[in-house]
Amino acid sequence: MTGLQELAAAIAERLREHFPDTDLAQQQVLCLAEEAGEFVGAYRRWAGMARRTGSWDDVMAELADVVVTAYVAANVLGLADGMEAARRPAGEPAAHDVLRQVRALFCAAAEVVAAFDRGDGDGPPLATRLAGVVDLGAETARVLGIDLDEAVRTKTAVIMTRGWRDDPAETAG
């Protein structure tokens with residue numbers, strides 16, 4: 001997952017061009033919650049646990065979104081260095097219950113939201129929680145057999161080529 005800090009900085013820069021700086025912290029915390037939920041939904045659809053089916057490509061893309069969004073949130077919150085320092089080295093994949101792993105990633109994102117709401121936004125606890133999301137994302141990728149670097153590269157191509165915000169003049173009715 002090399003280059004994620006640089007990617008996050010580029011995305012954060014583009015976001016600052018289109019959104020007020022005063023809203024970015026809350027926006028990115030909510031975005032992390034949204035992406036974690038979308039990952040769970042994509043996994044459920046792929047695993048046959050939802051009313052409609054889904055593709056494995058959707059699962060990979062949504063997992064990449066969670067990891068990228070955690071990096072963007074850390075950048076926007078000024079916690080990128082603290083998050084990187086809190087990351088734990090990847091070890092050998094453990095034997096995991098896949099569903100427990102999927103739930104753990106969702107819960108880690110929820111803990112970021114809760115820490116932000118408590119006002120832990122300036123300290124190591126939030127950076128550590130963001131690092132936990134990234135680490136759990138990497139572990140989830142290992143458990144599911146996803147090449148996370150490739151998933152992030154594929155997702156980056158989409159992120160960097162789509163629009164950043166609808167023109168209000170075009171959407172006005």
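Colleague: Hi! Which residues does D135 touch, leaving out residues up to four places away in sequence?

Modeller: D135 touches A86, R87 and R88 once those sequence neighbours are left out. Contact here means heavy atoms within 4.5 Å. This is a predicted model, in which local features need pLDDT of at least 70, side-chain atom pairs count only at pLDDT 80 or more, and totals for chains, interfaces and linings use all residues. Residues are numbered from 1 along each chain as its sequence is written, and side-chain values use heavy atoms, with hydrogens and water left out.

Colleague: Thanks. Where is D135 found, and is it buried or exposed?

Modeller: D135 is found in helix α6. D135 counts as buried, at 5% relative accessibility. The cut-offs are under 20% relative accessible area for buried, over 50% for exposed and partly exposed in between, with a 1.4 Å probe and protein chains only. Helices are DSSP runs of H or I with at least four residues, strands are runs of E with at least two, and both are numbered from the N terminus.

Colleague: Let's zoom out. How many helices and strands does the chain have?

Modeller: The chain has eight helices and zero strands. Along the sequence that reads α-α-α-α-α-α-α-α. Of its 173 residues, 39% count as buried. Among contacts between residues at least 6 apart in sequence, 79% join residues at least 24 apart.

Colleague: What about the largest nonpolar core, how many residues does it have?

Modeller: The largest nonpolar core has 50 residues, and those with the most contacts inside it are L32, F39, V68, L126, L130 and V133. Such a core is a set of buried Ala, Val, Leu, Ile, Met, Phe, Trp, Tyr and Cys residues joined through side-chain atoms within 4.5 Å. At least two residues of this core come from each of α1, α2 (21-46), α3, α5 (98-118), α6 (124-144) and α7 (148-159).

Colleague: Which helix gives the most to this core?

Modeller: That is α3, with 12 residues. Take V68: setting aside neighbours within four places in sequence, V68 is in contact with L4, L7, I11, V152 and I159.

Colleague: OK, on to helix packing. At what angle do the axes of α1 and α3 cross?

Modeller: The axes of α1 (residues 4-18) and α3 (residues 56-76) cross at roughly 65° and come within 8 Å. Axes are lines fitted to C-alpha atoms, for helices over the stretch in contact, and angles run from 0 to 180 degrees between N-to-C directions. The two helices are therefore roughly perpendicular to each other. On that scale, angles under 35 degrees are roughly parallel, over 145 roughly antiparallel, 65 to 115 roughly perpendicular and the rest oblique.

Colleague: Which residues of α1 and α3 meet there?

Modeller: From α1, L4, Q5, L7, A8, A9, I11, A12, L15 and R16 meet V67, V68, Y71, V72, N75 and V76 of α3. The residues of this contact divide into 12 nonpolar, two polar and one charged. For these classes, Ala, Val, Leu, Ile, Met, Phe, Trp, Tyr, Cys and Pro count as nonpolar, Asp, Glu, Lys and Arg as charged, and the others, Gly among them, as polar.

Colleague: And how do α3 and α7 pack?

Modeller: α3 and α7 pack at an angle of about 80°, with their axes 8 Å apart. That makes α3 roughly perpendicular to α7. The contact is made by M60, A61, L63, A64, D65, V67 and V68 of α3 with L148, A151, V152, K155 and I159 of α7. By class, the α3 and α7 contact has 10 nonpolar, no polar and two charged residues.

Colleague: Last one: where does Q27 lie, and what does Q27 touch?

Modeller: Q27 lies in helix α2 and touches L15 and F19, not counting residues up to four places away in sequence. Q27 counts as partly exposed, at 23% relative accessibility. Its C-alpha atom is 8.7 Å from that of A73, 46 residues apart along the chain.
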